[in-house]
Amino acid sequence: MEKAEKSAEPALGDKPGKKPIRLALAGLGTVGCGLLSLLDENASLLKDRAGRSFVINAVSARNKTRQRPVDITSFGWCDNPLDLADPAIADIVVELIGGADGPALALTKRALSQGIAVVTANKAMIAHHGAELARLAEDNGTVIRFEAAVAGAIPIVKTVREGLAANRINSLHGILNGTANFILSLMEEEGAGFDDALAEAQRLGYAEADPSFDVDGVDTAHKTAILSSLAFGTPPSMDDLPIEGIRSITDVDIAYAKELGFRIRLLGIARLTKDGKLDQRVHAALIEEQEALAKVSGASNAIEVHGNFSGPCVIEGLGAGAGPTASAVMADLIDLARGHGGPTFSIPATQLSTLSRIDAGARESEFYIRLQVTDKAGVMAEIASAFRDEDVSVERLIQRTRASDDSVHLILTTHKTYEKQMAAVLTRLVKMDVVRATPCMLRIEPI
């Protein structure tokens, strides 16, 4: 194994402005190479703003000889990423391996246990193990920072943890996945179907060959769990976090939503109920077209946070990619170089408290329902009976002309009702012979 030469640089925080900050970088993918480019191109600016320069002491990746857009030959190399967690090598370990467990988690734990600060872009690791890592950092007098784990270049972690620290956060709604937002935007702007929009996202590099984490809402859920923790002082958790993606949405839904004055966006939502329970969830929703989040298109991310004194605060920007994510990683590094500390999740890890979750069926919302039904006499009465029997009031109904298979689309919106009532309506509808396809139900989300 090749290993970086050890040096006798001072620990992080010693002699500010004198010695460079020594970095050890794990992961040389898109973001890792982007960070190296940023460090090289903006070196003078970074030194001026941080008060100290940054030097890469060692790097590690799966393949040393792989062709990369940056030259790594001047850096020390560690075959085993865990060797980067050495106080003689690094003041800060930058973890860009990814994955909730495995070498990323092992490296992070080893670094923190030795008092080495960690900066990461790993949302899955923070969502699943954030509370444990925060305790480990605080117990060892160091820090872990993860601005890049949520929404790329958008400084949402700093905004919630610092900029809105004086506020009680009431709610947050976020477009947190650029791939999903690109797909929905393309469906909206060009009338594309989901499969065609996904293929275009893959062709342009917005979506992976396996897009499941993005289009099924898992990526958004990781970020929602992290933001919930920052906003409400609870350990990040994926437990009891309902997740729905966008695969069931069609160009028909996009068109009807627009006709009704809405846009469809995949949202990560977290709020406290009046009785102090946490309501966090991920799903596609109709939002009124005049809302700020409805106007966010393409691969952008945006988050709207409501504080009790600040009111609504909306931040929008690029949520992924080499440049935006490297920028967020660098922001954390500059903060640490300046000696900025503070607890990982707004309050000390020992004070994080698990909040009761709202029962999913107890949530209230207005709903959008798309049905494909047989076009014959009596169908409307049969459909209406399902809503009547579950005491759900229909607000609007749209019916279009018959399709070639003798079916029609029925589009209904409801007045505010409980989710358990809507679930019961859907159960009735899917059993009806006149309903030709699985109904699509989306919530109409007030922001």
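Buried means under 20% relative accessible area. Phe146, with a relative accessible area of 1%, is therefore buried. The legends below describe close-up views of a predicted model.

**View A. Phe146 and Phe345 form a tilted aromatic pair.** Two aromatic pairs are found in a search of the whole structure. In the pair of Phe146 and Phe345, the ring centres are 5.3 Å apart and the planes make 35°. Phe146 sits in the loop between strand 6 and helix 5 (156–163). Phe345 sits in the loop between helix 11 and strand 12 (364–374). The two residues are 199 residues apart, so this pair links distant parts of the chain. Phe345 is buried, with a relative accessible area of 1%.

**View B. Phe182 and Tyr206 form a tilted aromatic pair.** Their rings lie 4.6 Å centre to centre, with 40° between the planes. Phe182 belongs to helix 6, and Tyr206 to the loop between helix 7 (194–203) and helix 8 (212–215), so the pair ties together parts 24 residues apart in sequence. Phe182 counts as buried at 11% relative accessibility. Tyr206 is partly exposed, its relative accessible area being 39%.

View C. Strand 4 (residues 92–95) pairs with strand 5 (residues 117–120) in the parallel sense, over four bridges. Glu95 has Thr120 in strand 5 as its bridge partner.

**View E. A salt bridge joins Asp91 and Arg22.** The count of salt bridges in the model comes to 21. In the bridge of Asp91 and Arg22, the N to O distance is 2.7 Å. Asp91 lies in the loop between strand 3 and strand 4, and Arg22 in strand 1, so the pair ties together parts that are 69 residues apart in sequence. Asp91 is buried, with a relative accessible area of 4%. Arg22 counts as buried at 1% relative accessibility.

**View F. Arg263 forms a salt bridge with Glu188.** The closest N and O atoms are 3.5 Å apart. Arg263 is in strand 8 (residues 262–272) and Glu188 in helix 6 (residues 178–190). The pair links distant parts of the chain, 75 residues apart. Arg263 and Glu188 are buried.

**View G. Arg443 forms a salt bridge with Glu244.** Here the closest N and O atoms are 3.0 Å apart. Arg443 lies in strand 16 (residues 440–444). Glu244 lies in the loop between helix 9 (218–232) and helix 10 (251–259), 199 residues apart from Arg443. Arg443 counts as buried at 6% relative accessibility, whereas Glu244 counts as partly exposed at 33%.

**View H. Five residues in one salt-bridge network.** Arg271, Asp279, Arg281, Arg363 and Glu445 are joined by salt bridges that share partners.

**View I. Lys420 lies over the face of Tyr418.** Its distance from the ring centre is 5.8 Å.

Key:
Residues are numbered from 1 along each chain as its sequence is written. This is a predicted model: local features need pLDDT of at least 70, side-chain atom pairs count only at pLDDT 80 or more; totals for chains, interfaces and linings use all residues. Side-chain values use heavy atoms; hydrogens and water are left out. Two strands pair if DSSP finds at least two bridges between them. A salt bridge is a side-chain nitrogen of Lys or Arg within 4 Å of a carboxyl oxygen of Asp or Glu. Buried means under 20% relative accessible area, exposed over 50%, partly exposed in between (1.4 Å probe, protein chains only). Rings of Phe, Tyr and Trp (its six-membered ring) pair if their centres lie within 6.5 Å; planes under 30 degrees apart count as stacked, over 60 as edge-to-face and the rest as tilted. A charge sits over a ring if NZ of Lys or CZ of Arg is within 6 Å of the ring centre and within 35 degrees of the ring normal.
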